[in-house]
Amino acid sequence: MKSTPLSLIAGVVALAAVTGFAALNAPGGGDTTQAGAAARLPVERSSLLCPAPSTSDLAETEYTSFTPKGENGGEAGAAELKAAEALPVDEDATGEDADEEEDADKDKGDADKEKASDGKPVVSLKDLGKPATADTTKTDAPALVGTATGRFAPGWTAQQTTTTAAGSARGLLGVSCTAPDTDFWFPGASTAASRQDYVHLTNPDDTAAVADIELYGADGPLKSDVGEGVTVPARSSVPMLISTLTSEAATNVTVHVTTRTGRVGAVVNAAEDEVGSDWLAASADPAVTQVLPGIPADATSVRLVAFAPGEDDADVKVQLMGKNATFSPAGNATLHIKSQMTAALDLKDVTRGEPGSLRLSPADGSRTPVVAALRVVRGTGAKQEVAFIPATEAVGERASVADNRAKGSVLSLTAPGATAEVKVTASAGSESGEGTVKTYTVKGGTTLEVTPEAPAGLKGGYALTVETESGGPVHAARTLKITEGGVDMFTVQTLPDDGGSVEVPAAEQDLSVLDD
């Protein structure tokens, strides 16, 4: 009788399908791992999706692509962002026949769109540790679909930054291009008359995806039938104006995007009267403790929006991790969040001239997971500017953010637990400039704000990579600031672990066929 450990083979093959990387050693090979051990291996494929930027005639958008140096995958590979386009799909997926789609495409086609969808990459990365950039001023610039393979896959990141000098969409709009997924939470959206919020759904795959969009206000779910069964055609992007999905106007709304079939990238574009616009990225997955890093020292208004997706209410402690210590804002030490309802807390100018980060943790024995985000305003009167900070995961082994500039980049580091040491690498410049490395110690329970040391001889932009060297977890955010028309514009991007490597369990025994 002969036997083979089939469950082990199936497990490794399944892992290979998910990560894009797996290796099986032949029986008798010299690279056998001891039973129970596991190895961390670099991923060999990554996907990123960038939403369609502003349609304003005054908008200028820059794309930046970057992969840090390190223990990367194979020698070959590429990292390219290409224009998304609606490919022909069947009638059952879209409710429209292929002929109607073809006619519509012809009607809206022009030279710029043909060029954008000719299959050539908008941004193509050539070197590890050196950003590649591209820009556009087109009002019809498409969403981008990107894939990195081989040595460019581990830690690949891309940034989309749009500057709009005036108008209702005025602002500095920044977003780290997102990985496709099946579940997203966006506390901090709105259906109020003063807001124009669009949720952008981008499908990277060759078959249609079907998504559901649920909305939750202060009193629970907002009635909506329009958000059910939204078809996102293959390799295309669909923007949905959130206020058209319901007849109920609500200042604070949590948007929940899930997919029935396929996967999408999702992000919310929020434009608000008098304070400009920015992208609202998804919150970290529901958890009993959440960290929202990088509140600017000069914030004039901070609003916390939180949601409890489970069946139980949540009670959370609200704490600001400041420059020197952790404390609870006066009169706002706790927040009660009813199940399936969106709660908001006006923290006003909570940082009071010092950088800070917010921590939400269980209060009164509550263990209900929550999601959260911050709406942050700088400036006063006609010079106000808005940005959003979602709850984010820790930096972990490594995280990067692209599109940093000679002036205006600020890095926020917070250690919610034990004191930690991190290494911060400024990459080579996109045109020229040698990278720099600096190490920082972040005291437990505090927020450290630093101005990164730009590459020597910098021309163009650069990327920042943060790596945890020792101590407790660190959460990070990058604030990018510019002044346009007398307005101090800004945008904040968080730095969660880049997922550049995956733990692969070792076989307990080799895969040879054993005799009884």
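**Overall picture**

Modeller: This is a predicted model. Of the protein's 516 residues, 51% count as buried.

Biologist: How many helices and strands are there in the protein?

Modeller: Four helices and 40 strands.

Biologist: What share of the contacts between residues at least 6 apart in sequence join residues at least 24 apart?

Modeller: That share is 82%.

Biologist: On to charges. How many salt bridges does the structure hold?

Modeller: The structure holds 13 salt bridges. One pairs Asp 205 with Arg 263, where the closest N and O atoms are 2.9 Å apart. That pair links distant parts of the chain, 58 residues apart. Asp 205 is in the loop between strand E12 (195–202) and strand E13 (209–217), and Arg 263 is in the loop between strand E17 (253–261) and strand E18 (265–272).

Biologist: Which residue forms a salt bridge with Arg 375?

Modeller: Glu 272, with the closest N and O atoms 3.0 Å apart.

Biologist: Are Arg 375 and Glu 272 buried or exposed?

Modeller: Arg 375 counts as buried at 10% relative accessibility. Glu 272 counts as buried at 13%.

Biologist: What about Arg 352, which residue does it form a salt bridge with?

Modeller: Asp 349, and there the closest N and O atoms are 3.9 Å apart. The cut-off for a salt bridge is 4 Å, so the pair is counted. Arg 352 counts as exposed at 67% relative accessibility, whereas Asp 349 is partly exposed with a relative accessible area of 31%.

Biologist: Which residues do salt bridges with shared partners join into one network?

Modeller: Arg 195, Asp 197, Glu 272 and Arg 375.

Biologist: And which residues gather in a patch of negative charge on the surface?

Modeller: Asp 181, Asp 183, Asp 285, Glu 393 and Asp 497.

Biologist: Where is Glu 393 found?

Modeller: In the loop between strand E28 (385–390) and strand E29 (398–404). Glu 393 is partly exposed, with a relative accessible area of 44%.

Biologist: Changing topic to the backbone. What is phi of Gln 340?

Modeller: Near 65 degrees, a positive value in a residue other than glycine. Gln 340 is found in the loop between strand E24 (334–337) and strand E25 (342–348), and counts as partly exposed at 26% relative accessibility.

Biologist: And phi of Lys 348?

Modeller: Near 55 degrees, also a positive value in a residue other than glycine. The place of Lys 348 is in strand E25. Lys 348 is exposed, because its relative accessible area is 52% and the cut-off for exposed is over 50%.

Biologist: Now Leu 413. Where does it lie?

Modeller: Leu 413 lies in strand E30 (residues 409–415), and counts as buried at 0% relative accessibility.

Biologist: Which residues does Leu 413 touch, not counting those up to four places away in sequence?

Modeller: Val 422, Tyr 440, Val 442, Thr 446, Thr 447, Leu 448, Val 466, Val 474, His 475 and Ala 476.

Biologist: What separates the C-alpha atoms of Leu 413 and Pro 355?

Modeller: A distance of 9.9 Å, for two residues 58 apart along the chain.

Biologist: Last one, Gly 408. Where does it lie?

Modeller: Gly 408 lies in the loop between E29 and E30, and counts as partly exposed at 25% relative accessibility. Leaving out residues up to four places away in sequence, Gly 408 touches Thr 479, Leu 480 and Lys 481. The C-alpha atoms of Gly 408 and Pro 452 are separated by 9.7 Å, and these two residues are 44 apart along the chain.

Methods:
Residues numbered from 1 in each chain as written. Predicted model: local features only at pLDDT ≥ 70, side-chain atom pairs only at ≥ 80, totals over all residues. Heavy atoms only, no water. Patch = residues over 30% accessible without salt bridge, like charges linked within 9 Å, V, L, I, M, F, W, Y side chains within 5 Å. Areas by Shrake-Rupley, 256 points an atom, 1.4 Å probe, with all protein chains shown as cover. Salt bridge = Lys/Arg side-chain N within 4 Å of Asp/Glu carboxyl O. Lys, Arg positive; Asp, Glu negative; His and termini not counted. Charge placed at Lys NZ, Arg CZ, Asp CG, Glu CD. Helix = DSSP H or I, 4+ residues; strand = E, 2+ residues; numbered from the N terminus. Buried < 20%, exposed > 50% of the residue type's maximum accessible area, 1.4 Å probe, protein only. Contact = heavy atoms within 4.5 Å.
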